[in-house]
Amino acid sequence: MIINDIIEKLIKTHRLTIEEFEILLSHKDNEDVKDILRREALSLRHKYYGKKVFIRGLIEFTNYCKNNCLYCGIRRDNCNANRYRLTHEEILECCRDGYELGYRTFVLQGGEDPYFTDERLVELISAIKKQYSDCAVTLSFGERTRKSYELLKNAGVDRYLLRHETADEVHYQKLHPKEMSLTNRKRCLQDLKELGYQVGAGMMVGSPGQTLDLLAKDLYFLQQLEPHMVGIGPFIPHKDTCFADKNPGSIQLTLMLLSIVRIILPKVLLPATTALGTLDLQGREKGIMVGCNVVMPNLSPTVHRKDYALYDNKISTGEESAQSIANISERVKSIGYEIVKERGDYAN
Ligand code: 5AD
């Protein structure tokens, strides 16, 4: 099948086979191909979301983690990480600040910290939902039992982010310690969907050992799973990990993948990620210009921001700070889009 037929099929059916995704990705340096994908992505984005860009206040509530993912700066074995955990009150304060700034979605993200039991999480979520009943709460807190996901859903969590990281078993094992498995990741994502969450999956671009055929598998996996949200950002090395001397992922390839994801999942909530903004000063704008419709500025207490270092040089101040909303709005406006102060749910 030649590339033109593949693009035509993608635009018409929003679906490709793994082999077709692979051929499409092999054209990653072809500007004409990327331009067609970008234009189609934008037209779909406009159809469902117009020029709106949704904002999420990101609260990084703990950097303790029981996992030891090889790529991640807050992995258990990193003894250089300065560990912190926000209190119930501190988290509610972040929400209060965020609410005043106009945020109507709070994303609570943390390492897999056993301190936050179901009981503590339920208490926390219930308090947030009680005080801010017009807001959505997204949790990004790793792998849990189905029972736990059910309790959290009942406590009011609306959305859950759990990147699959890679859809290939062998590659998954290269990125994670042996206690972790792709099978369990997939089980979690399935449970979350069945329980009625708006679910987010996703992967890093350029993670060590990743090849284009593996990214083709990721795209196929996303197409089959049909998540409501997809997080994609370039891999960025962290100095205290086994991957310290690896190269970061490609911005250009990340942008191409974002537009493909918009085409296979037209209504997807697609953030221009912090990793994209870290690697490229214009990353967030570039993301929006290929089909992204979400930004997630940092709402964590300023003193702890530098400690939530998943990778080196992670941005958290200036444009990345939730407090810079006026600034962010201006930048987004300058490229023809509009930050809106809404919950920003998945389009129906
Ligand atoms: N580079 C880029 N992204 C990373 N993440 C973790 N470590 C890194 C890194 N070194 C991403 C993972 C995780 C999300 C919270 O952050 O994909 O799911």
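Entry 1: I started at Asp345. The model is predicted, so I treat every value as computed from it. Asp345 has a relative accessible area of 26%, which makes it partly exposed. I then looked up its partner. Arg343 makes a salt bridge with Asp345, with 2.8 Å between the closest N and O atoms. Arg343 has a relative accessible area of 24% and is partly exposed too.

**Entry 2: the network.** Which residues are linked with Arg343 and Asp345 in a network of salt bridges? I found Lys129, Asp158 and Arg159 in it. I noted the general point as well: side chains of opposite charge can pair when their charged atoms come close.

**Entry 3: Glu60 and Lys314.** I moved on to another pair. Glu60 and Lys314 form a salt bridge, and their closest N and O atoms are 2.9 Å apart. Where do the two residues lie? Glu60 is in strand 2 (residues 57-62). Lys314 is in the loop between helix 13 (302-305) and helix 14 (325-334). Buried or exposed? I checked both Glu60 and Lys314, and both are buried. The cut-off I applied for buried is under 20% relative accessible area.

**Entry 4: Arg146 and Glu194.** Next I took a helix-to-helix pair. The side chains of Arg146 and Glu194 meet in a salt bridge at 2.7 Å, N to O. Arg146 sits in helix 6 (residues 146-155) and Glu194 in helix 8 (residues 182-194). They are 48 residues apart, and the pair links distant parts of the chain. I logged Arg146 as partly exposed, at 34% relative accessible area.

**Entry 5: charges overall.** I widened the search to the whole structure and got 30 salt bridges. I also located the charges. The protein has 48 positive and 47 negative charges, and their mean positions are 2 Å apart.

**Entry 6: the fold as a whole.** I counted 14 helices and nine strands. The radius of gyration is 19 Å, close to the 20 Å that the globule rule gives for 348 residues, so the protein is as compact as a globular protein of that length. The C-alpha trace spans about 55 × 45 × 35 Å along its principal axes. Of the 348 residues, 59% count as buried. I looked at contacts between residues at least 6 apart in sequence, and 74% of them join residues at least 24 apart. The accessible surface comes to about 14,200 Å², with 50% belonging to carbon and sulfur atoms.

Technical notes. Residues numbered from 1 in each chain as written. Predicted model: local features only at pLDDT ≥ 70, side-chain atom pairs only at ≥ 80, totals over all residues. Heavy atoms only, no water. Helix = DSSP H or I, 4+ residues; strand = E, 2+ residues; numbered from the N terminus. Rg over C-alpha atoms; globule rule 2.2 N^0.38 Å. Buried < 20%, exposed > 50% of the residue type's maximum accessible area, 1.4 Å probe, protein only. Contact = heavy atoms within 4.5 Å. Areas by Shrake-Rupley, 256 points an atom, 1.4 Å probe, with all protein chains shown as cover. Lys, Arg positive; Asp, Glu negative; His and termini not counted. Charge placed at Lys NZ, Arg CZ, Asp CG, Glu CD. Salt bridge = Lys/Arg side-chain N within 4 Å of Asp/Glu carboxyl O.
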